[in-house]
Amino acid sequence: MNIYLSMAAFALAASITPGPVNIVALSAGAQFGFGAAQRHVLGATLGFTLLLVLLGLGLHQLLTHWSALTRIIQWSGAAFLLFMAYRLAFDDGRLGESQAQAPSCRYGALMQWLNPKAWLASVASLGAFVGDGDIRLLWQFAALYFVICYASVACWAYAGAMLRGLLQQARNLRRFNRLMALLLAASACYLLVEIF
């Protein structure tokens, strides 16, 4: 199989599967619409691509030497996911009228840096496709991953926007947000179990 096709398949599998970033994209699309959710989608894509490139350029070696930094990232990720779950669980359920704002570009990028799924996908894909340290191949992989990651997260935002009609009633949106909060809290609990 062509290496680029293999890279694309891996990127799609890692990007489209459920995870904290995609859950927030779904929720943002449902609550704020597809257009407003694009800031989160772009930020998440840029954040992941930057993480991938920096790990490919040697950040993983720094983390190997400073294992405490890895712990800090894990704890921060769990705390951030719990914070997100809290915000979703206590949202008032009014579309576009609440004081809540759609997740920003910066917020999407930060989510990726605190997302254990993003770290695992980056390390695994770099080991599989750029293990020999070919910088040109790293940049090609990052470009390919950027496109696929953006499309994947945008699909989740679009799915949320399609649910928007079903969530016009505040009660329905509150239930939806609480389900999303439960999924984020479960992700955080999974991460905490992995830490211990």
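Rings of Phe, Tyr and Trp count as a pair if their centres lie within 6.5 Å. In this predicted model, ring pairs link Phe 10, Phe 48, Phe 129, Phe 141 and Tyr 145 into a cluster. The structure as a whole holds 7 aromatic pairs.

## Overall architecture

The protein chain has 196 residues, of which 46% count as buried. Its secondary structure comprises 8 helices and 0 strands, so that the order of elements from the N terminus reads α-α-α-α-α-α-α-α. Among contacts in the chain with a separation of 6 or more, 87% are accounted for by residues 24 or more positions apart.

## Aromatic pairs within the cluster

| Pair | Distance between ring centres | Angle between planes | Geometry |
|---|---|---|---|
| Phe 10 and Phe 129 | 5.9 Å | 75° | edge-to-face |
| Phe 141 and Tyr 145 | 5.4 Å | 70° | edge-to-face |

The pair of Phe 10 and Phe 129 is classed as edge-to-face because its planes stand at 75°, and the class requires an angle over 60 degrees. Phe 10 belongs to helix H1 (residues 3-16) and Phe 129 to helix H6 (residues 116-129), so this pair ties together parts that are 119 residues apart in sequence. As for solvent accessibility, Phe 10 is partly exposed, at 26% relative accessibility, whereas Phe 129 is buried, with a relative accessible area of 13%.

The rings of Phe 141 and Tyr 145 have planes at 70°, so they too form an edge-to-face pair. Both residues lie in helix H7 (residues 135-163), where they are 4 residues apart, about one turn of the helix. Phe 141 is buried, with a relative accessible area of 0%, and Tyr 145 also counts as buried, at 1% relative accessibility.

## Contact of H1 with H6

The helices that carry Phe 10 and Phe 129 also meet through other residues. The axes of H1 and H6 come within 11 Å and cross at roughly 165°, which means that H1 is roughly antiparallel to H6. Their crossing is right-handed. On the H1 side, the contact involves Ile 3, Ser 6, Met 7, Phe 10, Ala 14 and Ser 15; on the H6 side, it involves Lys 117, Ala 121, Ala 124, Ser 125 and Phe 129. By class, the residues of this contact divide into 7 nonpolar, 3 polar and 1 charged.

Asn 22 is found in helix H2 (residues 20-32). At 2% relative accessibility, this residue counts as buried. Leaving aside residues up to four places away in sequence, Asn 22 touches Ser 15, Ile 16, Thr 17, Lys 117, Val 153 and Trp 156. Two of these partners, Ser 15 and Lys 117, also take part in the contact of H1 with H6.

H2 has a contact with helix H5 (residues 105-113) as well: the axes of H2 and H5 come within 9 Å and cross at roughly 155°. That angle makes H2 roughly antiparallel to H5, because angles over 145 degrees fall in that class. Here Pro 20, Val 21 and Val 24 in H2 meet Tyr 107, Met 111 and Gln 112 in H5. The contact of H2 with H5 has 5 nonpolar residues, 1 polar residue and no charged residues.

Methods. Residues are numbered from 1 along each chain as its sequence is written. This is a predicted model: local features need pLDDT of at least 70, side-chain atom pairs count only at pLDDT 80 or more; totals for chains, interfaces and linings use all residues. Side-chain values use heavy atoms; hydrogens and water are left out. Rings of Phe, Tyr and Trp (its six-membered ring) pair if their centres lie within 6.5 Å; planes under 30 degrees apart count as stacked, over 60 as edge-to-face and the rest as tilted. Helices (H or I, at least four residues) and strands (E, at least two) are DSSP runs, numbered from the N terminus. Buried means under 20% relative accessible area, exposed over 50%, partly exposed in between (1.4 Å probe, protein chains only). Axes are lines fitted to C-alpha atoms, for helices over the stretch in contact, and angles run from 0 to 180 degrees between N-to-C directions. Angles under 35 degrees count as roughly parallel, over 145 as roughly antiparallel, 65 to 115 as roughly perpendicular and the rest as oblique. A crossing is left-handed if the near helix is turned anticlockwise from the far one by less than a right angle, and right-handed if clockwise. Contact means heavy atoms within 4.5 Å. Ala, Val, Leu, Ile, Met, Phe, Trp, Tyr, Cys and Pro count as nonpolar, Asp, Glu, Lys and Arg as charged, and the others, Gly among them, as polar.
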